[in-house]
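Take a moment to turn the model slowly on the screen before reading on.

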Amino acid sequence: MKKIVFLLVLFLACSLYSVAQNTREAIMYIVDSIPVIEDPEEDNQVIEADVADITVIKNRDSLNALGYDKFAGAIFIFTKAYRTRSDDTKNIPSLKQMERKNGVWYFHGNLYSGKFIDYYYSGRKQHEGAFQNGKAEGLLTKYYSNGLVSAENYYVNGIQNGTEKEYYENGVLKQKGEFVNGKETGVWEMYFPNGQVRQRSSFRDGTMDGETTVYYSTGQVRAVEIAKNGTITADKRLEKIEQMMTKGHASYKEGDYKAAIKNYSKAIDLDSTYAEAYFARGTMKLNNFLFDEAILDFNKALVFEPYFERALSNRAFARIRKYQLGSGRKLSGNRDVTVIASKDVPDIPANERVIICADLKQAIFLGDNGKMILDARREFCDAK
């Protein structure tokens with residue numbers, strides 16, 4: 001998959017970022033009639049297959065007439081999706097063409113009423129909804145770059161009211177609940193990709209109130225907590241386990257990995273099915289360069305919770321680090337994902353690379369999509 005290279009008529013590159021202030025050396029890029037003024041997100045790029053045509057303008061008079069007199073040139077890129085839109089759809093403005101002031105939206109200096117549609121640089125929809133007097137009204141829909149719905153929210157006079165739904169990238173429901181006057185109300189549920197409830201919580205006026213039950217994707221109850229007046233009472237069954245976990249976290253913060261491993265092992269002795277303890281112990285072993293032992297702990301965590309995204313991420317990095325021993329770089333201090341990828345490109349066997357990429361892909365799908373994870377996928381997995 002080839003990304004557009006904005007290096008002029010070499011013609012295809014990987015970044016849309018274009019604006020350099022007050023210099024005649026800069027090039028302005030305009031995608032589907034909208035100027036590109038910010039570096040796009042990881043999943044918001046143009047690829048060659050999306051492009052219908054490109055127009056390059058360098059004539060000074062033409063640049064002046066277009067309002068791009070401060071730039072050395074302007075490159076207009078039009079996507080195939082844009083070329084197939086009706087004129088009525090093309091006339092629906094984007095938020096990128098509006099201005100938000102004091103919580104309300106303006107278009108051409110006036111409070112805006114009507115539909116809006118934002119698009120990815122591929123030409124596919126990113127968000128769509130409507131405003132009434134500059135405030136969101138009705139259904140707001142967000143989309144993944146693959147075209148499937150990411151989230152649905154309802155608004156009344158700019159305030160969330162009604163059912164909110166979030167989805168995984170494959171269309172499976174991820175979360176749902178009700179808003180009343182902008183506050184979570186009633187029972188909210190989160191789901192695993194297999195449809196099993198991940199967490200069920202009760203809310204009152206935007207605050208957890210009552211019982212919260214946390215599940216494994218197998219349906220087994222992981223914990224039951226009670227919230228009342230802003231205070232959460234932990235599951236008494238996990239009290240001793242959590243004491244060991246807390247001690248382990250404290251040892252880790254002090255840099256005593258051996259003590260941390262010992263405390264996490266005690267937590268496992270108390271409950272041999274507690275996935276969080278295997279993950280934490282595996283992370284400490286990863287920090288100690290005990291890569292194979294770390295992988296075994298991550299494997300165990302994933303036996304009890306196959307959708308444990310951080311275990312997937314760290315298992316991938318444990319394998320990567322096995323082939324980066326020569327870098328000698330210090331590992332990250334983040335407890336959730338503790339290893340940063342070296343800039344050195346290791347020689348990873350093909351079968352190991354397949355496993356690494358499968359773990360990274362699944363972790364990103366489940367929501368572990370920080371820069372480090374995305375960078376690792378791009379470095380080790382994306383087609384060159």
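The largest cavity has a volume of about 100 Å³, in a model that is predicted. A cavity here is a set of points on a 1 Å grid over the protein atoms alone where a 1.4 Å probe fits but cannot get out, whereas a pocket is an open set with protein on both sides within 12 Å along at least five of seven lines. Grid points are joined across faces, edges and corners, and a volume is the space filled by probe spheres set on the points. Rolling a probe the size of a water molecule over the atoms shows where empty space is left. The structure holds 1 cavity of 30 Å³ or more. Lining residues, those with an atom within 4 Å of a point, include Val 31, Asp 32, Arg 85, Ser 94 and Tyr 119 for the largest cavity. By class, this lining has 5 nonpolar, 1 polar and 4 charged residues, where Ala, Val, Leu, Ile, Met, Phe, Trp, Tyr, Cys and Pro count as nonpolar, Asp, Glu, Lys and Arg as charged, and the others, Gly among them, as polar.

Residues are numbered from 1 along each chain as its sequence is written, and side-chain values use heavy atoms, with hydrogens and water left out. Since the model is predicted, local features need pLDDT of at least 70 and side-chain atom pairs count only at pLDDT 80 or more, while totals for chains, interfaces and linings use all residues.

Turning to the chain as a whole, its secondary structure comes to 10 helices and 21 strands, where helices (H or I, at least four residues) and strands (E, at least two) are DSSP runs numbered from the N terminus. Of its 384 residues, 43% count as buried, a word that stands for under 20% relative accessible area, with exposed meaning over 50% and partly exposed in between (1.4 Å probe, protein chains only).

Strands of a sheet pair through backbone hydrogen bonds, either parallel or antiparallel; in this account, two strands pair if DSSP finds at least two bridges between them. An open sheet of 3 strands has the order S5-S6-S7, with antiparallel pairing. Strand S5 (99-101) and strand S7 (110-111) each have a single partner strand and stand at the edges, so one side of each is left without a neighbour in the sheet. Between S5 and strand S6 (residues 104-107) there are 3 bridges, and Arg 100 has Trp 105 in S6 as its bridge partner.

Leu 140 stands opposite Asn 153 in S12. The two strands form a hairpin with 5 residues between them, and in its turn Gly 147 has a positive phi of about 100 degrees. S12 is also joined by 2 bridges to strand S14 (residues 162-167), again antiparallel, with Glu 152 opposite Lys 165 in S14. Another 2 bridges join S12 to strand S13 (residues 159-160), where Tyr 155 stands opposite Gln 160. The hairpin of S12 and S13 has 2 residues between the strands, and Asn 157 takes a positive phi near 55 degrees there.

What does the record say about the helical part of the chain? In the model, residues 241-274 are 79% helix and 0% strand, with end C-alpha atoms 9 Å apart. Residues 275-308 are likewise 79% helix and 0% strand, and their end C-alpha atoms are 8 Å apart.

Within helix H4, one can look for Met 245, which counts as buried because its relative accessibility is 4%. Leaving aside neighbours within four places in sequence, Met 245 is in contact (heavy atoms within 4.5 Å) with residues including Tyr 264, Tyr 274 and Ala 277. Lys 285 lies in helix H6 (residues 275-287) and also counts as buried, at 12% relative accessibility; among the residues it touches are Ile 261, Glu 293 and Asp 297.

The second largest pocket holds about 390 Å³ of space. Of its 24 lining residues, those closest to its centre are Arg 222, Glu 225, Glu 242, Tyr 274 and Glu 276. H6 gives the most to this lining, with 5 residues.
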